[in-house]
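Subject: A structure for you to explore

Hi there,

Here is the structure I promised to pass on. Have a look at it first, and then read my notes below.

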Amino acid sequence: MDFSQATFWWVLAGLAVAAELATGTFYLLMLALGMACAAVAAHLGLSVTLQIVVAALAGGGATALWHWKRMKNPRSAPSAENRDVNLDIGERVNVEAWATDRTARVSYRGSIWTARLQPGATPQAGEHVVKAVEGNWLVLAPLSSSH
């Protein structure tokens with residue numbers, strides 16, 4: 001079997017994709033893109049040196065661009081506090097009284113929930129907003145301090 005330079009690059013690209021699937025490291029896909037570009041360069045008859053340059057520029061450039069994009073965009077909130085994941089975040093509940101351990105029983109969505117006060121918030125009766133859901137606990141903040 002003839003193992004051409006292009007075949008070598010395609011096999012490397014395939015191995016990088018397989019490694020990405022096993023590890024979940026998205027950057028490996030960018031490097032695989034560079035290897036695929038090197039395979040195309042080999043098909044076009046470019047020298048081995050130019051194939052390596054193409055692989056480095058395409059893979060390294062794609063990796064740098066992806067890293068820059070990820071650093072530019074802020075990460076989303078953890079799922080316990082993310083409204084896109086949990087539609088309870090931002091909903092309002094009424095707290096009649098807080099216990100000394102900063103917990104309360106509140107009626108929400110037709111049932112009784114146990115709630116805890118968000119750290120740093122002052123316990124007070126009245127309307128509160130759901131800031132997070134931790135298991136079957138609601139984390140609440142007074143509505144006046146949530147804006």
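Which residue in strand 5 is the bridge partner of Glu134? The bridge partner is Trp137.

Before going further, please keep in mind that this is a predicted model, in which local features need pLDDT of at least 70, side-chain atom pairs count only at pLDDT 80 or more, and totals for chains, interfaces and linings use all residues. Residues are numbered from 1 along each chain as its sequence is written, and side-chain values use heavy atoms, leaving out hydrogens and water.

Five strands form an open sheet in the order 1-4-5-3-2, with mixed pairing. Its edge strands, each pairing on one side only, are strand 1 (92-95) and strand 2 (103-108). (Strands are DSSP runs of E, at least two residues, numbered from the N terminus; two strands pair if DSSP finds at least two bridges between them.)

Strand 4 (residues 126-134) pairs with strand 5 (residues 137-142) in the antiparallel sense over six bridges. Strand 4 also pairs with strand 1, again in the antiparallel sense, over four bridges. There, Asn94 stands opposite Glu127 in strand 4.

Enjoy exploring!

Best wishes
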